[in-house]
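Let's take a walk through this model together. Have a look at the sequence and the coordinates, and then we'll pick it apart piece by piece.

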Amino acid sequence: MTLTEGLTSMGTAAPETPVRAGRRGAGAWRFVVLGVLGVYFLVPIGASVWYTIRDRRNGGVTLGTYAEIPGAAGFADAFTRSLVLAGLTVVLVLVLMVPTVVLVNLRLPRLRTTVELLTLMPLVLPPIALVVGVRSVLSWAPDYFLNTPLAEAFFALQEPALPWILVFVYVVLALPFVYRALDAGVRGADLRTLTEAARNLGASWPRVIVSVVLPVLRTSVLNAAFLTLALVLGEFTVAAILGFETFPTWIVRISGSEPRLSVAVSVLSLLITWMLLLLISALDRRRGTKENS
Amino acid sequence: MTAVSARSSGPADLRERPGVPIRLDGLTRRYGSVVALDGLDLDISGGELIALLGPSGCGKTTALRAIAGFDRPDGGRVLLDGRDITDVPANKRDMGMVFQAYSLFPNLTVAENVAFGLRVRRRAKSERAGRAGELLELVGLADRGDRYPHQLSGGQQQRVALARALAVAPQVLLLDEPLSALDAQVRVQLREEIRRIQLELGITTVFVTHDQAEALSVADRVGVLRAGRLEQVASPDELYERPATAFVAEFVGTMNRVPAILAGGEVQLLGTRRPVAGAAPPEGVVVALVRPEGLIVTADPAGSGRVVTRTFSGASTRVLVALADGVEVRVDLPSAVSGELTPGAAVTVRPAERPVLVAPPEPLPEMAEEARAGA
């Protein structure tokens with residue numbers, strides 16, 4: 001009982017209720033669980049960090065490997081590309097899904113199951129199946145549509161500097177997470193009454209979305225954005241199979257010749273992800289204190 | 001208060017506007033096989049507070065939503081000041097609405113909520129702030145402008161919602177059961193306040209409720225709806241004294257159902273004969289509908305009725321009497337003459353000298369449903 005309690009509260013990102021003091025022994029169990037999980041997560045991370053900072057020539061520690069990162073060949077390009085892809089994916093998936101979720105909840109509740117199932121597809125279909133399909137279309141279409149604007153469009157999609165095709169595939173891969181995050185937010189608020197109140201006060205539909213829906217859904221929009229960002233920054237399979245260089249594929253490429261550098265970059269990307277997470281929860285908390293003041 | 005009335009943008013401009021009439025012309029709305037509105041006709045005069053009253057599912061909220069523009073009727077028209085607004089979108093209708101559910105924007109302060117409609121209309125910031133202050137004063141929350149909705153009680157939230165609805169100086173005020181989520185005490189207080197503000201501003205108001213006491217106490221006229229049609233529209237007094245149908249009679253106020261026989265155009269009731277009021281069902285066994293004050297109870301050692309309980313409420317007292325055939329009736333009488341009517345006392349009960357409403361012996365299906373729901 002206490003074990004499950006401890007596990008469930010640790011599984012969630014932010015436990016709503018503090019873990020109860022409970023009966024004798026509960027505290028001890030909590031430390032065991034925390035300890036096991038801590039070892040499970042911290043040992044590999046700690047080992048990676050140690051591997052990157054140990055100075056094998058002179059002994060002691062050095063941050064030399066980290067200093068090499070900015071100047072490493074291809075790093076800046078790959079990292080920037082991944083950030084741009086992530087930003088575009090976040091914008092596109094939100095532009096697509098916020099109105100969809102709002103519309104499904106307010107106007108078309110009968111479509112809820114259908115939309116839910118559709119957004120689940122990327123979880124059911126392995127990404128490898130998706131990407132193999134995409135690859136065949138990409139190799140077949142330019143020939144088929146040769147000398148038409150469509151062929152040009154297919155080439156543009158695969159521009160190595162900014163492969164838009166990845167944005168579209170990532171939007172699909174992000175759907176399950178984004179839909180769930182947004183849907184939870186919509187159900188938590190009485191969005192129907194709020195939008196009707198805003199309409200009644202003279203607000204147009206775009207105004208309702210910007211002034212009422214987005215602020216109410218702020219936390220869930222931030223959550224959806226973060227999940228998408230993390231997904232894109234860590235995605236390897238699709239980018240590798242389609243042959244584009246993104247941050248993860250770059251790490252893998254250099255890991256053969258510069259193992260320490262590649263591990264240092266991985267540790268750094270972990271830190272970046274954590275910082276984004278902290279940033280988002282800080283944004284959320286600032287709103288909370290503002291409301292409670 | 002003097003400073004408020006001196007300003008040109010204050011609620012004074014609301015007061016100067018004459019109330020605008022509304023006309024519902026054959027409104028029809030179906031949801032699948034359910035008929036929510038069945039050719040509803042209703043004329044609402046300018047400046048009037050009309051209550052739409054009825055059991056759940058009678059179409060009163062659908063009618064209100066059709067006026068507000070949230071629900072498009074399948075047939076019929078909504079006319080505002082003679083202008084057909086059936087196809088005008090909700091955000092262009094110039095109506096203020098207070099909802100049953102709490103509807104304040106959680107991310108905005110109370111003052112920002114009240115000023116929302118003005119912000120949408122691109123009014124200057126100073127005007128918005130001034131106006132929000134005046135309206136918060138009108139609803140007695142002038143000191144809460146910088147709070148957030150979740151820091152207010154339910155009653156306060158509905159006051160703010162009322163201020164927000166009035167801030168844009170709407171032509172019509174729509175109230176969709178605004179009090180039903182509140183405590184009994186707050187409810188009575190707030191309904192009186194709504195009436196005070198409505199009279200002060202002279203704004204045409206439609207008040208939807210399922211609570212007959214609420215409707216009777218604040219409205220100029222009450223429209224009783226049943227299955228998407230109006231049963232009767234009348235002043236509260238007339239509705240109570242002269243209900244047009246058995247449904248209205250039973251829905252409004254307390255009503256005794258006493259078995260009776262209808263023969264030769266007369267009702268044989270409790271050993272007396274009385275003329276029939278209103279439409280009569282087929283002759284034979286019927287149920288007479290009599291108000292508690294429409295019965296006379298007298299102490300009578302030879303009487304077949306027995307007093308069950310006696311409830312004192314100031315000037316009047318209500319006694320519950322079990323008649324010989326097991327039927328129980330409620331009788332109201334002045335407390336001054338009720339001294340002998342203690343529980344167990346033998347009494348006779350007879351109807352007052354006036355025409356009696358009668359209904360078919362079976363209860364109306366809606367009424368049975370309401371009784372089951374405990375309403």
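How are α8(A) and α11(A) oriented to each other, roughly parallel or roughly antiparallel? Before the answer, some bookkeeping. This is a predicted model, where local features need pLDDT of at least 70 and side-chain atom pairs count only at pLDDT 80 or more, while totals for chains, interfaces and linings use all residues. Residues are numbered from 1 along each chain as its sequence is written, and chains are lettered from A and ligands numbered from 1 in the order in which they are written.

Back to the pair. Helix α8 of chain A spans residues 164-188 and helix α11 of chain A spans 218-234, and they pack at an angle of about 160° with their axes 8 Å apart. (Axes are lines fitted to C-alpha atoms, for helices over the stretch in contact, with angles from 0 to 180 degrees between N-to-C directions.) Angles over 145 degrees count as roughly antiparallel, so α8(A) and α11(A) are roughly antiparallel to each other. Among the residues that meet, α8(A) brings Tyr170(A), Phe177(A) and Leu182(A), and α11(A) brings Asn223(A), Leu227(A) and Leu231(A); contact here is C-beta atoms, placed from the backbone, within 7 Å. By class, this contact has 12 nonpolar, five polar and no charged residues. (Ala, Val, Leu, Ile, Met, Phe, Trp, Tyr, Cys and Pro are nonpolar, Asp, Glu, Lys and Arg charged, and the others, Gly among them, polar.)

Now zoom out. Chain A has 14 helices and zero strands, where helices are DSSP runs of H or I with at least four residues, strands are E runs of at least two, and both are numbered from the N terminus. Of its 293 residues, 25% are buried, that is, with 20 or more other C-beta atoms within 10 Å of their own.

Next, the core, meaning buried Ala, Val, Leu, Ile, Met, Phe, Trp, Tyr and Cys residues joined through C-beta atoms within 7 Å. In the largest one, with 145 residues, Ala288(B) and Val358(B) touch the most other members. The biggest contribution comes from α8(A), with 14 residues. A second, separate core of seven residues includes Phe79(A) and Trp250(A).

Finally, where the chains touch, 16 residues come from chain A and 18 residues from chain B. On the chain A side, α9(A) gives the largest share, six residues. That side divides into seven nonpolar, four polar and five charged residues.

Notes
Two residues are in contact if their C-beta atoms, placed from the backbone, lie within 7 Å. Angles under 35 degrees count as roughly parallel, over 145 as roughly antiparallel, 65 to 115 as roughly perpendicular and the rest as oblique. A residue is buried if 20 or more other C-beta atoms lie within 10 Å of its own, exposed if 12 or fewer, and partly exposed in between; C-beta atoms are placed from the backbone.
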